[in-house]
Amino acid sequence: MRSPLVTARALTKRFGDFTAVDGIDFDVHQGEAFGFLGPNGAGKSSTMRMIGAVSPISGGTLTVLGLDPAADGPAIRARLGVVPQEDNLDQELTVWENLYIYGRYFDLPRQVILERIDELLEFAQLTERRNDTVEHLSGGMKRRLTIARGLINQPDLLLLDEPTTGLDPQARHALWDRLYRLKQRGVTLIVTTHYMDEAEQLCDRLVIMDKGRIVAEGSPRDLIARYSPREVVELRLAPDDHDRAVASLDGLARRIEVLPDRILLYTDDAEATIGDVFERGVEPESMLTRRSTLEDVFLRLTGRRLMD
Amino acid sequence: MRTPAFLRVVEGEARVYRRVWRGSVISTFLNPVLFLAAMGLGLGRLVDERTAGAGLDGLTYLAFLAPGLLAATAMQTGAGDSSWPVMAGIKWRKTYDAVLATPVGVASLTVGHLAWVGIRLVFVSVAFVLVMAAFGAVGLAAGLTAVPAAVLTGLAFAAPMVAYTAGLKGEQGLTSMFRFGIVPLFLFSGTFFPVSQLPDWLEPLAWVTPLWHGVELSRSVALGTVPVPPPWLSVAYLASWTVGGTWLAVVRMRRRLVT
């Protein structure tokens, strides 16, 4: 088996007294899409910046592409693509110029850059906008351009920090489609996200992070199977009925989560559970049945929701 | 690696400038025209009538003013290009983060920025000299010999200004620096009148300002006058601000950007 592209052991990042990343272990392998799922402030971006060889580690060990980020930063960065959380494109420049300049930062020969730009514009569906300045692009286009820019050096590893935050649903799906294509081509992806649907869509394997620590690791399907019953019945009740209903539902499902606006019943058989709910005289205002998601796993592991 | 990293940063800055040059070219020419017309010709006539040239080493006020204003303009350009644009790169647009995600490091980014400011200073100073010559203040050839002095003066401000900006949280510190630093220097460093006119206790303060050295150097080169400080001292002084400022800028940019 080939050695991992990224190996972290007891990896730690401190800012003064604050510990952003608190001794985490993980490996990222060639060709996989690896995710860090967790709420804002979980330490995902700090971890990404350490992998990107732009943020020195405070403790533990980290190897990226077989190299030490502290000693070989430029050599590592030459083989990485980075898509940051906030778009940091040159607003005054055109789409084409942004790609060209970035290619030059990697010291690629002009001819190579010119060829790659045409391919990347096609890939990012921006060929028609090549001569538009960035400030005139939509959020989704800017994000696709940032991804195209991160691919100009044909990286061995693409780092995507919250790739679809702030995008509308249509733009998100368009972006996922592009990332899926990259994965098909064998590009190794590392993604941070606080969207469980994004993690499920994109990641072969992920770690769930909370307060700087890794609380679980596995494929999305494994994690759900391991930590959450198959189905969820969500009940919405009139505020006055809420507390009484909670009392009468006690023991009815394998696990019950009481949220401010809803009650979640975790069960292997939703239909039977719904029958039991009515049998106990609880009359919800609305009700829905769904499969367990990574959001439920996170709730189970941390007692909190991914997005608050 | 074929091109040194800092030159690739220069290339990037030049491409951005190509997009925004129109606005800056107008002010580059208009600024000296306005100043030389108002101060050099307007105020100058009044001064020349009163002194008959005696108080200004036999120079017309316009001739006295022009090379000093060249150095002062270089200071403003150097400080200006290393303040708001640097803050934008660090914080507002985070374009420096994008650069640092590539093999380019903080030192190359900083030195590249300053090298680009140096190129801008050449443009701005040459434009200034063209206007100066058109006004008849100084001959074109003599004026051009003052360009290196002006560029050095601009860099002596640009480099420490990057260091200063790298430590700021927001725009307020930049506004203060211009209001309480750059503008007073512009007015009181021998550009508009010899610093010997200042109160005695204030005069030594002018001697330590880099702009005074830049003004004296530029004036002596362009007009062949004898400067108060020896030219080698002024060159060394401005060069040490440039070199020391660059070193400090790299240190502070690293502290700000590599966290």
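**Burial in chain B.** I began with how much of chain B is covered. Of its 259 residues, 47% count as buried. I am reading a predicted model here.

**Overall form of chain B.** Next I checked the radius of gyration. A compact globule of 259 residues would come out near 18 Å, and chain B has 19 Å, so the two agree. Along the principal axes, the C-alpha atoms fill a box of roughly 60 × 40 × 35 Å. I then looked at contacts with a separation of 6 or more. In chain B, 78% of them join residues 24 or more positions apart.

**Elements of chain B.** I counted eleven helices and zero strands. Read from the N terminus, the order is therefore α throughout, as the definition of these runs as helices and strands has it.

**Helix α8(B).** I picked out residues 172-188 of chain B. These 17 residues should span 24 Å at 1.5 Å a residue, and the end C-alpha atoms lie 23 Å apart, which agrees. The helix still has a kink of about 35 degrees, centred on Phe178(B). Which residues of α8(B) are buried? I noted Leu174(B), Ile182(B) and Leu185(B). Their cover includes α2 (61-81), α3 (84-92), α7 (147-166) and α10 (210-223) of chain B. After α8(B) comes Gly190(B), with a positive phi near 90 degrees.

**Contact between the chains.** I turned to where chain A meets chain B. Chain A puts in 21 residues and chain B puts in 24 residues. On the chain A side, α2 (69-77) and α3 (95-105) each supply at least two residues. The largest share, four residues, comes from α3(A). By class, I found ten nonpolar, four polar and seven charged residues on that side.

**Strand β8(A).** My last stop was residues 205-210 of chain A. Is this strand mostly covered or mostly open? It is mostly covered, with five of its six residues buried. I looked up its partners next. Strand β3 (residues 33-37) of chain A pairs with β8(A) in the parallel sense, over four bridges. There, Phe36(A) stands opposite Val207(A). Strand β9 (residues 213-218) of chain A runs antiparallel to β8(A), and five bridges join them. In this pairing I see Leu206(A) opposite Gly218(A). The hairpin of β8(A) and β9(A) has two residues between the strands, and Lys211(A) takes a positive phi near 50 degrees.

Terms used: Residues numbered from 1 in each chain as written. Chains lettered and ligands numbered in written order. Predicted model: local features only at pLDDT ≥ 70, side-chain atom pairs only at ≥ 80, totals over all residues. Expected span 1.5 Å × (residues − 1). Bend = angle between axes of the 7 residues up to and from the residue. Buried ≥ 20, exposed ≤ 12 C-beta atoms within 10 Å, placed from the backbone. Contact = placed C-beta atoms within 7 Å. Nonpolar A, V, L, I, M, F, W, Y, C, P; charged D, E, K, R; others polar. Rg over C-alpha atoms; globule rule 2.2 N^0.38 Å. Pairing = 2+ DSSP bridges.
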